Amino acid sequence: MASSDQHHRRESLRGAIRRDFEEETNIRFRPVRWFFGALAVVLVIGLVFWIVGWLIQPLRTASGVRERVGDPDNVLYQYEHFHDLCAGVRADDAKIAAKRDEITAYDKRHPNGDKSDQFQAAPKRDRLDTELTGLQQHRADLVETYNADSAKANRSLFKDRSLPERLGDDTPTCN
């Protein structure tokens, strides 16, 4: 019975608090409704922030791209990148010319092939041709990289004006 008495007193205390609140504020005391109302407000505010973030995403993206492209380290890297590629093509052109001269000299010395090559896995003339092909392929890779990077807006902005727009088969001027 004591337990029932305590329960009754607690209920009457809650009731008294509820009545006092409702009389003083003229608002009905409904904590569950208030909880779900507050939850709904939080969800609506979250949704508004998400929509605003989604709407301004293009502005934030453009700003981020501008900051990354205009970074001094990036500018310097791109400037040097084009000079390095151009210099690499020039160096490969010199190596290719030297390799062709070496092949011509070999052919003059051994018009019918070198007899000492019979014990080699590949004749020296074949090895020279393979080296020439490798140099030509490396040069082609550098030219394609240079031309592809020249077409990219974020890279070509920082290419020195004295460098060629595109590279081809002729030896470029890289001053």
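These legends go with a set of close-up views of a predicted model. Residues are numbered from 1 along each chain as its sequence is written, and side-chain values use heavy atoms, with hydrogens and water left out. As the model is predicted, local features need pLDDT of at least 70 and side-chain atom pairs count only at pLDDT 80 or more, while totals for chains, interfaces and linings use all residues.

**View 1. The largest nonpolar core, with 10 residues.** This core is built from F82, L85, C86, V89, L142, V143, Y146, L163, L167 and C174. Here a nonpolar core is a set of buried Ala, Val, Leu, Ile, Met, Phe, Trp, Tyr and Cys residues joined through side-chain atoms within 4.5 Å. Helices α4 and α5 (124-151) each put in at least two residues, and α4 gives the most, with four. (Helices are DSSP runs of H or I, at least four residues, and strands are E runs of at least two, numbered from the N terminus.) A second, separate core has six residues, among them I96, I103, L132 and L135. As background, nonpolar side chains tend to be buried together in soluble globular proteins.

**View 2. L85 and V143, two members of the largest core.** L85 sits in helix α4. Its relative accessible area is 9%, so L85 is buried. The cut-offs are under 20% relative accessible area for buried, over 50% for exposed, and partly exposed in between (1.4 Å probe, protein chains only). Leaving out residues up to four places away in sequence, L85 touches L142, T145, Y146 and D149; contact means heavy atoms within 4.5 Å. With neighbours within four places again set aside, V143 is in contact with V89, L167 and G168. For a sense of scale, L85 and S3 are 82 residues apart along the chain, and their C-alpha atoms are separated by 90 Å.

View 3. A salt bridge is a side-chain nitrogen of Lys or Arg within 4 Å of a carboxyl oxygen of Asp or Glu. Beyond residues up to four places away in sequence, D92 touches L135, H138, R139 and L142.

**View 4. D149 and its salt bridges to K152 and R155.** By the rule used here, the salt bridge count comes to eight. D149 meets K152 at 3.1 Å, N to O, and R155 at 2.7 Å, N to O. Elsewhere, K99, E102 and E131 are linked in a network of salt bridges. In general, side chains of opposite charge can pair when their charged atoms come close.

**View 5. E165 and S162, in the segment after α6.** E165 pairs with K159 in a salt bridge, 3.9 Å from N to O. E165 counts as exposed because its relative accessibility is 55%, while K159 counts as buried at 11%. Skipping neighbours within four places in sequence, E165 is in contact with Y146, S150 and K159. E165 and N147 are 18 residues apart in sequence and 7.8 Å apart in space, C-alpha to C-alpha. S162 is partly exposed, with a relative accessible area of 38%. Not counting residues up to four places away in sequence, S162 touches T173 and N175. The C-alpha atoms of S162 and C174, 12 residues apart along the chain, are separated by 7.2 Å.

**View 6. A nonpolar surface patch of about 1,000 Å².** V44, L47, V48, W50, I51, V52, W54, L55, I56 and L59 make up this patch. Helix α2 (residues 31-55) gives the most, with eight residues. Patches are made of residues with over 30% relative accessible area and no salt bridge, with like charges joined within 9 Å and nonpolar side chains (Val, Leu, Ile, Met, Phe, Trp, Tyr) within 5 Å. Accessible areas come from the Shrake-Rupley method with a 1.4 Å probe, and for residues only the protein chains shown count as cover.
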